Amino acid sequence: MQKIGIIGCGKIAQVRHIPELARNPKAKIVGYYNPTTSRAEQMAAQYGGKVYPTIEEMLADPEIDAVVMSLANQVHAEVTIKALNAGKAILCEKPMANTIEECEAMVKAAKDNGKPLMIAQNQRLTKAHMCARELIEKGEIGKVITFRTTFGHSGPENWSVNPGKGTWFFNKQKASLGAMADLGIHKTDLIQFLLGQNVTSVKATLATVDKTDEAGSPISVEDNAICIYTMSEGTIGTMTASWTYYGQEDNSTVLYGTKGIMKIYDRPEEYAIEIIKPGQESQKLDIEPIQTNDNQTASGMTDLFVDILEGTDKESLAKNDFFLSGESLLPAMRAIFAAVKSSSEGIAVDIPENK
């Protein structure tokens with residue numbers, strides 16, 4: 001039985017992490033911390049466990065084996081390193097941290113303390129994405145030449161635990177980045193996962209084109225990010241992250257290969273994967289629906305975390321990709337920060353560490 005502490009009781013914890021842990025027979029939620037204490041008290045009343053007045057008191061409790069951390073982006077590195085140094089395993093929400101130096105310090109702390117550091121990049125765990133990766137590896141559509149991958153919805157002000165234009169997602173001091181950190185990291189990590197290639201060069205535009213804050217001024221982070229990625233084996237494509245898709249949410253990836261095309265969640269209401277080959281009827285695979293803000297399904301994230309802690313998923317741990325270790329996220333985070341630099345300086349940015 002793994003005894004878990006929850007640091008941060010916002011929307012993602014309320015709709016995913018906490019209920020998923022509560023359903024897991026191999027896990028027990030011991031307690032909660034949240035800057036707004038009443039929110040932690042609400043979770044304790046609903047799911048059991050106690051409320052800790054500070055993060056430090058939770059981390060000092062020998063009863064706790066691991067923590068799930070979903071506070072604002074600005075404190076990801078600080079809290080993660082504290083937890084690891086206190087001997088706790090940690091599942092940290094994405095984005096991993098605000099700088100590549102912080103990301104590397106988190107990985108070092110995990111290695112120094114011999115504890116798992118997992119990052120909540122749940123898109124690797126969907127059955128459709130895992131199936132797509134296997135099909136690509138088998139050469140189902142030949143060599144992938146180009147791609148487009150997209151994640152867009154109407155914005156966090158419509159979904160976060162404190163909805164409205166005052167959401168912390170719009171605050172640069174708390175969030176550091178906008179749509180790129182919220183959505184772009186998912187698709188950047190995913191395209192590397194699907195192709196087995198790293199992003200080695202980026203040309204990007206990050207812009208605030210529509211969102212405004214409570215005063216009516218443009219928000220201080222980007223609401224759109226459009227990137228051209230060059231991959232380590234020469235594949236090129238686009239990655240788009242947007243908070244201004246005011247119709248249907250788009251969480252699609254399309255891969256163009258030498259033998260055909262693979263569409264993933266391109267028409268999610270009909271099928272998960274479609275494979276189109278010249279002269280053949282398209283093949284549609286109805287595997288599972290994609291998670292959306294309006295359709296919260298089990299992510300598999302906390303279940304995998306508990307399995308790792310229990311030592312029952314050592315094969316995934318050794319593979320280092322399904323495990324979602326902090327170290328496996330470094331190439332994607334380098335691409336995110338390269339995109340920021342590309343946009344601010346108007347240049348293409350190479351990432352030699354990803355080659």
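These questions and answers walk through a predicted model.

Reader: What is the strand order of the open sheet of six strands?
Author: The six strands form an open sheet with parallel pairing. Its edge strands are β3 (50-51) and β6 (117-119), and each pairs on one side only. The order is β3-β2-β1-β4-β5-β6.

Reader: At what angle do the axes of α1 and α9 cross, and is α1 oblique or perpendicular to α9?
Author: The two axes come within 8 Å and cross at roughly 50°.

Reader: Which residues make the contact of α1 with α9, and how do they divide by type?
Author: The α1 side supplies H17, E20 and L21. The α9 side supplies M301, T302, D303 and V306. By type they divide into three nonpolar, two polar and two charged.

Reader: How do α1 and helix α2 cross, right-handed or left-handed?
Author: Helix α2 covers residues 37-47. The axes of α1 and α2 come within 11 Å and cross at roughly 35°. The crossing of α1 past α2 is right-handed.

Reader: How many residues of the contact of α1 with α2 are nonpolar?
Author: From α1 come Q14, I18, P19 and A22. From α2 come R39, M43 and Y47. One residue of this contact is polar and one is charged. The nonpolar count is five.

Reader: Which residue in β15 is the bridge partner of S201?
Author: Strand β8 (residues 199-207) pairs with strand β9 (residues 224-231) in the antiparallel sense over eight bridges. There, L206 has A225 as its bridge partner in β9. β8 also pairs with strand β15 (residues 349-350), again antiparallel, over two bridges. In β15, the partner of S201 is D350.

Reader: How far apart in sequence are the parts that D61 and K50 tie together?
Author: The structure holds 15 salt bridges. One of them joins the side chains of D61 and K50, at 3.6 Å from N to O. D61 lies in the loop between α3 (55-59) and β4, and K50 lies in strand β3, so the pair ties together parts whose separation is eleven residues.

Reader: What is omega of the cis peptide bond that joins K94 and P95?
Author: Most peptide bonds are trans. The bond joining K94 and P95 is cis. P95 sits in the loop between β5 and α5 (100-113). Omega there is about -5°.

Reader: Where does Y265 lie, and what is its phi?
Author: Most residues other than glycine have a negative phi. S176, in the loop between α7 (172-175) and α8 (179-195), has a positive phi near 70°. Y265 lies in the loop between β12 (261-264) and β13 (273-276). Y265 is not a glycine, yet its phi is positive, at about 55°.

Methods: Residues are numbered from 1 along each chain as its sequence is written. This is a predicted model: local features need pLDDT of at least 70, side-chain atom pairs count only at pLDDT 80 or more; totals for chains, interfaces and linings use all residues. Side-chain values use heavy atoms; hydrogens and water are left out. Two strands pair if DSSP finds at least two bridges between them. Helices (H or I, at least four residues) and strands (E, at least two) are DSSP runs, numbered from the N terminus. Axes are lines fitted to C-alpha atoms, for helices over the stretch in contact, and angles run from 0 to 180 degrees between N-to-C directions. Contact means heavy atoms within 4.5 Å. Ala, Val, Leu, Ile, Met, Phe, Trp, Tyr, Cys and Pro count as nonpolar, Asp, Glu, Lys and Arg as charged, and the others, Gly among them, as polar. A salt bridge is a side-chain nitrogen of Lys or Arg within 4 Å of a carboxyl oxygen of Asp or Glu. A crossing is left-handed if the near helix is turned anticlockwise from the far one by less than a right angle, and right-handed if clockwise.
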